[in-house]
Amino acid sequence: MKITLPDNSSRELPEGSSGYDLAKDIGPGLAKSAIAVTIDGVQKDLYDVIDSDASVSIITIDSDEGVEIMRHTLTAQVLARAIKNLYPESKLAIGPTVKDGFYYDVESDQSISSDDLSKIEEEMKKIIKTKSAITKKLVSKKEALKIFKSNKEPYKEIIINESDQDDDFQLYYQDDEEFVDLCRGPHLPNLGFIGSFKLTKVSGAYWKGDSKNSMLTRIYGTAFSNDKDLQNHLENIEEALKRDHRKLGKEMDLFHFREESPGSVFWHEKGWNLFQKLVSYMRMKQDRAGYKEINTPEILDRSLWEKSGHWEK
């Protein structure tokens with residue numbers, strides 16, 4: 001079986017070889033840092049079989065792709081399990097990665113707030129400390145539904161039922177097989193590769209972004225391959241907060257906000273003066289460019305906000 005590497009060199013491997021076998025064939029250092037593999041442009045788990053001639057690249061933990069996969073495992077296998085450990089009756093929805101981090105949406109009868117993040121973080125650290133291997137099993141649609149029905153995970157059942165596929169649903173387990181999650185992957189081969197992380201905030205989110213559906217609790221976090229990168233990221237966020245317009249508006253006596261009118265600005269004299277100068281400048285530039293000015297209503301029927309999901313927030 002011919003394997004073409006990113007530098008256009010090639011290697012011969014026996015049929016049935018995995019990404020890990022390729023990494024080991026290239027060198028022990030690569031095998032040690034390998035966490036996943038890309039086969040013909042598609043990311044796969046490290047131990048997935050390469051079943052024919054292919055272009056293959058090894059993903060290492062210190063690469064951008066590796067960090068993204070680490071965040072994915074952190075939310076789907078660690079945060080999700082920590083939530084189930086602490087809130088056994090909770091229902092898991094989805095847990096994707098986002099820019100510089102991740103989140104997981106859950107339904108819980110128990111309130112989960114920012115005050116609970118440190119407790120959840122500690123539970124996550126206990127899970128990571130096991131350095132458990134992550135094992136993938138491929139099952140049929142019928143078997144996947146049976147498993148998540150037994151686990152009382154209705155959101156996973158919805159995802160499975162709405163899927164067009166009939167077979168090869170990917171279920172990921174840890175060593176004790178007490179926790180399972182449905183996921184496209186890939187995931188880290190084991191939890192020992194997880195770097196530094198921090199849970200950052202809690203918010204509400206409708207299932208599928210639709211206000212007609214259940215309101216879920218969304219737990220956000222950020223993660224990097226090492227503590228230095230994490231601290232730099234957190235410091236950057238802190239610096240950005242110092243320049244937050246709400247903070248500066250109050251400090252510079254420009255404007256303030258009130259609970260009686262969420263999202264509306266109460267302009268102070270200096271702020272209104274500055275705002276009017278900006279409006280005049282913009283009108284002048286737009287007029288010179290040939291634009292025509294119109295005006296639309298500031299107040300709209302509540303049905304619009306219900307449709308957008310903002311009415312309940």
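Helix 3 (residues 64-86) packs against helix 4 (residues 117-129) at an angle of about 115°, and their axes are 9 Å apart. Helices here are DSSP runs of H or I with at least four residues, strands are runs of E with at least two, and both are numbered from the N terminus. Axes are lines fitted to C-alpha atoms, for helices over the stretch in contact, and angles run from 0 to 180 degrees between N-to-C directions.

Which residues make the contact? Helix 3 gives Leu 74, Val 78, Leu 79, Arg 81, Ala 82, Asn 85 and Leu 86. Helix 4 gives Lys 119, Ile 120, Glu 123, Met 124, Ile 127 and Ile 128. Contact means heavy atoms within 4.5 Å. By class, nine of the residues in this contact are nonpolar, one is polar and three are charged. Ala, Val, Leu, Ile, Met, Phe, Trp, Tyr, Cys and Pro count as nonpolar, Asp, Glu, Lys and Arg as charged, and the others, Gly among them, as polar.

## About the model

This is a predicted model: local features need pLDDT of at least 70, side-chain atom pairs need 80 or more, and totals for chains, interfaces and linings use all residues. Residues are numbered from 1 along each chain as its sequence is written, and side-chain values use heavy atoms, leaving out hydrogens and water.

Two strands pair if DSSP finds at least two bridges between them.

Strand 1 (residues 2-4) pairs with strand 2 in the antiparallel sense, over three bridges. Thr 4 stands opposite Ser 10 of strand 2.

A second open sheet has the order 9-10-11, with antiparallel pairing. Strand 9 (135-139) and strand 11 are its edge strands. Strands 10 and 11 pair over three bridges. Tyr 172 has Asp 181 in strand 11 as its bridge partner. Helix 5 lies across strands 9, 10 and 11, at about 40° to strand 10.

## Inside helix 6

Which residues of helix 6 (residues 154-162) are buried? They are Tyr 155, Lys 156, Glu 157 and Ile 160. Buried means under 20% relative accessible area, with a 1.4 Å probe and protein chains only. Their cover includes helix 5 (141-150), strand 10 (169-173) and strand 13 (215-224).

Key
Buried means under 20% relative accessible area, exposed over 50%, partly exposed in between (1.4 Å probe, protein chains only).
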